[in-house]
Amino acid sequence: MRRIAISGAVLALAITGTATASTVLAPGRAPDEAALAPTRGPADRSIEKKIDQLLRKMTTAEKLQQVQLLSDGQITDADAKAGVGGVFSLTDPAKIDHYQHIAVEQSRLHIPILFAYDTIHGYRTVFPAPLGAASSFDPDVARADARIGARESSTVGIKQVYSPMVDVSHDPRWGRIVEGNGEDPYLGSVFAAARVKGAQGRDYSAPDKVATSVKHFVAYGQPEGGRDYNTTDMSEQRLRNLYLPPFKAAIDAGADTVMCSFNSINGVPGCANSYTETRILKKEWGFDGFIESDYTAVAETRACPPRTPDEGPCGHGTAADGPGAGANALMAGTDSEMVSTYIRDYGKQLLAQHRITMARLDDAVRRILRVKFRAGLFEHPYVDQAKATDPASFVTAADRQAARTAAARSMVLLQNDDQTLPLDPAKDTAVIGPLGDDQHDMLGPWWGQGKDEDAVSVLQGVQDGSTGTTTYAEGCSLSNEEPPDYDPADDCPDDGFADAVAAAQAADQVVLAVGETREMSAEAAARSTLDLPGDQEALIDAVVATGKPVAVVLFNGRPLTLGNVVDSAPAVLEAWFPGVEAGNAVADVVFGKVNPGGKLPVSFPQSVGQVPIYYNHEPTGRPCDVTQKYNSRYRDLRTCDPLFPFGFGLSYTTFDVSDLQLSRTSVPRSGTVVASMTVTNTGDVAGDDVAQLYLHDPVASISQPVRRLRGFERVTLDPGQSTTVRFTLDASDFGFYDNRGKFVVEPGAIEVYAGDDSTATLTRTFQVTR
């Protein structure tokens, strides 16, 4: 899509400004268009010559060392001296510098080590979890997160981050849905590109930039049963239309490394999959960076019990032993092996047996060296220890302000009966709930090097944001235990409900903080139910029964089944895991300093039995109709819809989206059509809305999704103010991939829908001609 921004259109809050600042969008690219604009350039010939010279000097053993990626618990002085290629999860700047000095000064060819880390939504300054950030529908939120995370990471000597995670997912049972951007490939593409550009900038050799690794390649987000590491099986058209686009956007934005996935796709493990790694990524897309495996993913391709070595992970059964696993991975396109050491240890044997080729090994080493040269490691390999150990380098006031703004922009108002919100900051407020006086869980999963003591609790935020008296009652507690020690029965027993009710009765209004602990989301955190853990629903009912105004604030890393909650509580605010400024951002929103404008990047089901449920599903010959029996419905549900649809979110004001217009009613396959809509603030206070444009191809050679998001823009409007948003559509929007992997644009009608969520009703049609 190409986008046209209207001169004078109002942009949403500036990420680097104050929580109430706004700015005017200059003529030119709109935010999603700017994020998606390709920036990947050709290879630098001077770097290629340096790589050629270095490769000619390297022994086979030195090449095999370069493709080895060790953990912080594996690396030794001997590895550094031997010329190991990479190290991950080491964060002590003194140790990083120690190993780097050995590699540069004592290895024969003086090749620096590439140090990497999982900076997912912040290194020390923790931003909202990525699923929350996607709710902002503002790529500047992701860009600011990545920019600050890159600076803090590079300060300690980390020059590669395993981010962004761009897996599209339709299954909220899957714990890692929190790390991505939800269910839509277009929204995911915009945020993937924004994060890459924020972290890498124009040149990631700059001292405050890092190389990004987009993960997990590919289709890891759709495991059977929602269970992590499970298998994935899908058609070619589904792979290309739904799951590959965010990866392509990240590569176009300049991402120079990619992490292959744990899962098998159509029976072939992600880190031994020549079709996805070599044919698509390297050949079709022209990717010239390197692919690293995920943690022990190469070892996991072996059959069980493990052989050669006779220990360690196994399971997929596409390799008989360690040498076979190493050979399969390298020849499929994996360039760097994480944790397991099969390519390094058995490489000479595999070369002699012609199971791997020197040409392929050279290609892998070339790709790794290319990233190291582009990262500036040969010129500046060492860590500035003074800067790396200076507290002033991290969690600065400006960084906190950016995190606070991002958190507030990421919150979604799900319900607000009788205008319960905003609360009055001059009245007495009771903060109640297991997450009300909590810092640990506010950081969410994958919190980098974030510290609990840096986080602002809801209690602290409410105290600081109001002039009335603030009291607190926990009500119940949630378990932070991990499996196998975790017992769901430990979550929110009702032993503290009486104190919670008393606190509510003594106050004028209530902020009720409930949800999940951070351990309940992310890797290895699949859930079989999506209800609030423990008796939290009963806690909500007890507090609401006091008759006091109650705002439920949710902290969670996935969509939850909230039917009972919305039936009970007058106001529900989805806050996700907001990061270090959680409490302040919550206070900003609940007291009306910030008018919430976030939208859901993923559908919320009525029941876990509806999963997977997503807005961009394919049609059926018997679509759901609850007034009939023989169609695609559930007999025990009186609705076909999710509880909250993709793109949904309320505000303290009201908006009207009107006047959908198309610049033409027919367009050739190589042409463009401009769609415009008017967004008006029809309420009494300033606020944000997200204009959204969807397409549907009703007649095609392959059934097309009932709707596909193809444009969005978040706008800030004063009461009574209107703005016009325009979207320019081309073949990339009304075409699709078929089951041969070919992109096709077929003649026929294209339906256009406009509004501010995925149920938009404004519609127009244009014809694509031959």
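**Reading charge pairs and a buried helix**

Modeller: This is a predicted model. Start with glutamate 523, which counts as partly exposed because its relative accessibility is 28%. Burial would need a value under 20%.

Biologist: Which side chain does glutamate 523 meet in a salt bridge?

Modeller: Arginine 176, at 3.4 Å from N to O. Glutamate 523 sits in the loop between β17 and α19, and arginine 176 in the loop between β7 and α8, so the pair ties together parts 347 residues apart in sequence.

Biologist: Is arginine 176 buried or exposed?

Modeller: Arginine 176 counts as buried, because its relative accessibility is 2%.

Biologist: How many salt bridges are there by this rule?

Modeller: The count comes to 41. The rule asks for a Lys or Arg side-chain nitrogen within 4 Å of an Asp or Glu carboxyl oxygen.

Biologist: How should I read a pair inside one helix?

Modeller: Begin with the geometry. An α-helix has 3.6 residues a turn, so residues three or four places apart point the same way. Now the case here. Aspartate 140 and arginine 143 both lie in helix α7, three residues apart, about one turn of the helix. Their side chains form a salt bridge at 2.2 Å, N to O. Aspartate 140 is partly exposed, at 28% relative accessibility. Arginine 143 is partly exposed too, at 23%.

Biologist: What joins arginine 360 and aspartate 335?

Modeller: A salt bridge, at 2.6 Å from N to O. Arginine 360 lies in helix α14 and aspartate 335 in the loop between α12 and β13, so the pair ties together parts 25 residues apart in sequence. Arginine 360 counts as buried at 10% relative accessibility. Aspartate 335 is buried as well, at 0%.

Biologist: Which residues belong to the network of salt bridges that share partners?

Modeller: Lys282, Asp335, Arg360, Asp363 and Arg367 are joined into one network.

Biologist: Now a whole helix. Why is α21 described as largely enclosed by the rest of the structure?

Modeller: Read burial residue by residue, then look for the cover. Nine of the nine residues of α21, 582–590, are buried, so the helix is largely enclosed. Among these buried residues are Asn584 and Asp588.

Biologist: What covers the buried residues of α21?

Modeller: The cover includes two helices, α16 (397–410) and α17 (458–465). It also includes the strands β17, β18 and β19.

Biologist: Which residue with a positive phi follows α21?

Modeller: Glycine 592, with phi near 85°.

Definitions and conventions. Residues numbered from 1 in each chain as written. Predicted model: local features only at pLDDT ≥ 70, side-chain atom pairs only at ≥ 80, totals over all residues. Heavy atoms only, no water. Buried < 20%, exposed > 50% of the residue type's maximum accessible area, 1.4 Å probe, protein only. Helix = DSSP H or I, 4+ residues; strand = E, 2+ residues; numbered from the N terminus. Contact = heavy atoms within 4.5 Å.
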